[in-house]
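User: I have a chain open here. Can you walk me through it?

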Amino acid sequence: MLVVMVAVVAIPTIYTTLFLGSMWDPYGSVDRLPVAVVNEDQPVEYNGETLSIGSELADNLREDGSLDFHFVDADDAQKGLADGTYYMVITIPKDFSANAATVTDPSPKAMELGYETNPGTNYIASKLGESAMAKIEAEVRESVTQTYAETMLEQLADIGDGLQEGADGAAELEQGASDLAEGGRTIRDNLKLLADSTLTFRNGSTQLTEGLAKYTAGVDAAAQGAAKLKEGAGQLAQGVGQLGDAAPALVDGAGKLGQGAKDLAAGVDSAKTGGDTLAAGAAQVDDKLTELNNGLAQLQSQTAALPDSAAALDAGAQLAQSGAAALQTGLESASAGAAAAREGAAQLNGGLQTLSGNSAALNEGAAALAQDIDALAAQPLPPELAAALTQLQQGAASLQQNLSAYTAGVDTAAAGAAALNDASTGLPALADGLGQMAGKSAELTGGLTTLQQGTATLAQQAPQLVQGIDLAAQGGQKLQQEGTSVVRQGAQDLSGGLEKLAGGSAALQTGLGDLSAKLPALTDGLTRLQTGVGELEKGAGQLADGTGELQKNSAALNSGAAALADGASQIGDGASKLYEGSGELTDGLDKMKDGSATLGASLADGAQQIAETNTGKEVADMIAAPVNAEEAKLTEVPDNGHAMAPYMMSVALWVGCIAFSLMYPLTEYQGEMKSGAAWWLSKASVLYPVALLQAVVMVGALHALDGFAPARMGQTLLIACLASVTFMSVMYFFTSLLGRIGSFLMLVFMVVQLAGSVGTYPLEISGSFVKYLHDWVPFTYTVKAFRSAICAGQDVSGCAVYLAVWALVFTLLTLVVFTVRAKHIRAGRPTLTPWLERHRLA
């Protein structure tokens, strides 16, 4: 029995020292945990330097020593992980450094550090490896972040310099924008002047169009007059020709008429003086009458056409006179219109050539402005300034388009004006020719007036002359027909007739004398008239041809004038659009200037802020590791052995009590049964000292063998003794009452306590059923009390009271069992113990 007691006392010590010793400080020995490292990383170039994160990580792991790192290839690593040689394989992929270099790319890639464990070999080892891997990952993250931070800070410094340069450039940009705005205003003023000038030019082109319309109308009128003049000149020439052809016969007949009149006068005189001899001289009279009748008949035949010729001559002279007057008026109007048209065409051509030169200069200026704006837009600018420059580009493009339309209109108008100017070069010579023709026409008009007056007189006197000749012829014929008998018989009548004949003869002689006197002038006038009419007909033909040519050019002149007016309208519209576009351009340049000022100020502020920002290595260190976790421990647990001791000591004491209750005869007695209390005391005097002894030995052995050093050693001993007594009281009750069944139940209850006491993991992460057991099992309070005693935690009095209550309750229950059983034995009544013994349960 002594050996049994020693063995029972040693059970908790063996349980705790060996079990806790096997895992006393595993976290302090992680450096002996073999881990394979496979480095497949390929170095890359980054910012002019070689970046080899994989090699740096491998070197750091060699120096770190937190784990037992083995640097092997992929095949050996997988083989070792499978057979348990390595508990974890860390693989540095080949793109590890390459991904690290993508930090400034549009789509950076994460650095993936792979690790593989084999929990089936050892779960705890895999978890330790994961914990170590988390630390390695943090170190890698810190190292890479530091590299990133140093690079970023360097780039930030460069950005500060760039911002300062940008601020200086923005100042220059503001000055350039100011100059552009000033130039834009100058262009706007000049475009305003151009718009006003195009309005004047449009009005001038309108007046030119109206003048050309009047000129072409005058040309048409002159052409019509020239045609009429040509026609009249032809008729006049024809009449003058007929008159010239009849003039010699008229002169000859007038001479013969004069001679006959003289003969008639002589005969009348002879008749008067020889009336007495009339009868005797009848035969002679008959002969003379025959001669007279022949002469009168010849004269009558020669003068029969005289009135018609004189009337035709008078009508032709009148027509020629009216045509010459109309010709003179048309020639004077045409001469003045040609001179005015030449002057207007020259002025128009000069103005349009000037406008064409100005439009070329405007196009060059607009193109240069557009190039300056495009050059500014090509620079990296803020969105506000870029938007303003976009508006400027649109305004400049609109300005160039409007200038192109304006230039096209000016060129079209200039080409039309040049053609008009070329077409009008013959106008001065034409005007001079028309003026000379107008002078000649005036002279012709005077001559034709004189001619018409002469022809009118001739036309008036010609009928009287023909009438007289007709009367003479009739008288002669009558005289010859009646014969001399009638003469003789009518001597009286003949004398009276001879008197009248003598008067008529005198009048005839007088008229013939006047006619003979005027016939030379008439002949000379007809000669000159024929010459003048020939020149007139020739000039009228030339005039008709010239006015025809003018009429042909009139359409070209009107078309050119219309094109010029249309071009002037286009120029006016283009100039107005240019003026409006220049306003938008000026506004845009003002916005650009303001935006440049804002940009410059903002860039300068940014550069100043960056210059004032610390970009040293300590900042990079701060960015890489911005947080230093400083742990403040309310209590201190040296190692895993001290952490697991509360749980294992509780289990060890419970197991020791179960062993004692199984090995020691708690229900046997010797001698006379006195009382149940005496029976209980005989057993309690052994089991309680054993309970105390196993607790003291367990704590002492842990201290001596495993280095167990609780913060409160006395309190730890007290809790161990109280727990052992409480556990023994519970075992004493169930074993004395139920025998081995009670021991079995206590074994089961131990398992329940292992789950409900949360001695390993916190209650919050334990199974859902644990919270229903936790407050009702003794292990909960022993573990809590041991933890407080070991790490100098909270007061353990509450747990001690709980354990003392359990010990007191089960001690009283055990006394009741022994008292009842003693009474039954003394009374000779059966008890449960013999039945349990017969069934090998006691």
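This is a predicted model: local features need pLDDT of at least 70, side-chain atom pairs count only at pLDDT 80 or more; totals for chains, interfaces and linings use all residues.

User: How many helices and strands are in the protein chain?

Analyst: The protein chain has 19 helices and 6 strands. These are DSSP runs numbered from the N terminus: helices are H or I, at least four residues, and strands are E, at least two.

User: What share of the residues counts as buried?

Analyst: 39% of the 842 residues. Buried means under 20% relative accessible area, exposed over 50%, partly exposed in between, with a 1.4 Å probe and protein chains only.

User: Which residues have the most contacts inside the largest nonpolar core?

Analyst: Leu20, Met649, Trp654, Phe660, Met698 and Phe708. That core has 59 residues. A nonpolar core is a set of buried Ala, Val, Leu, Ile, Met, Phe, Trp, Tyr and Cys residues joined through side-chain atoms within 4.5 Å.

User: Which elements give two or more residues to this core?

Analyst: They are α1, α12, α13, α14, α15, α17 and α18. The largest share, 12 residues, comes from α12.

User: And what is phenylalanine 708 in contact with?

Analyst: Leaving aside neighbours within four places in sequence, its contacts include Trp24, His642, Met649, Leu702 and Ile790. Contact means heavy atoms within 4.5 Å.

User: Switching to α17. Why is it largely enclosed by the rest of the structure?

Analyst: Because 12 of the 14 residues of α17 are buried. Among them are Phe779, Tyr781, Phe786 and Ile790. The cover over these buried residues includes α12, α14, α15 and α18.

User: How far apart are its end C-alpha atoms?

Analyst: 20 Å, which agrees with the 20 Å that the 14 residues of α17 should span at 1.5 Å a residue. The expected span is 1.5 Å times one less than the number of residues.

User: What comes after α17?

Analyst: Alanine 792, with a positive phi near 60°.

User: Last one: is threonine 735 buried or exposed?

Analyst: Buried, with a relative accessible area of 7%. Threonine 735 sits in helix α14.

User: What does its side chain make a polar contact with?

Analyst: The side chain of serine 743, at 3.4 Å. A polar contact is a pair of N or O atoms within 3.5 Å; within protein, one must be able to donate a hydrogen and the other to accept it, and residues adjacent in sequence count only if both atoms are side-chain atoms.

Conventions
Residues are numbered from 1 along each chain as its sequence is written. Side-chain values use heavy atoms; hydrogens and water are left out.
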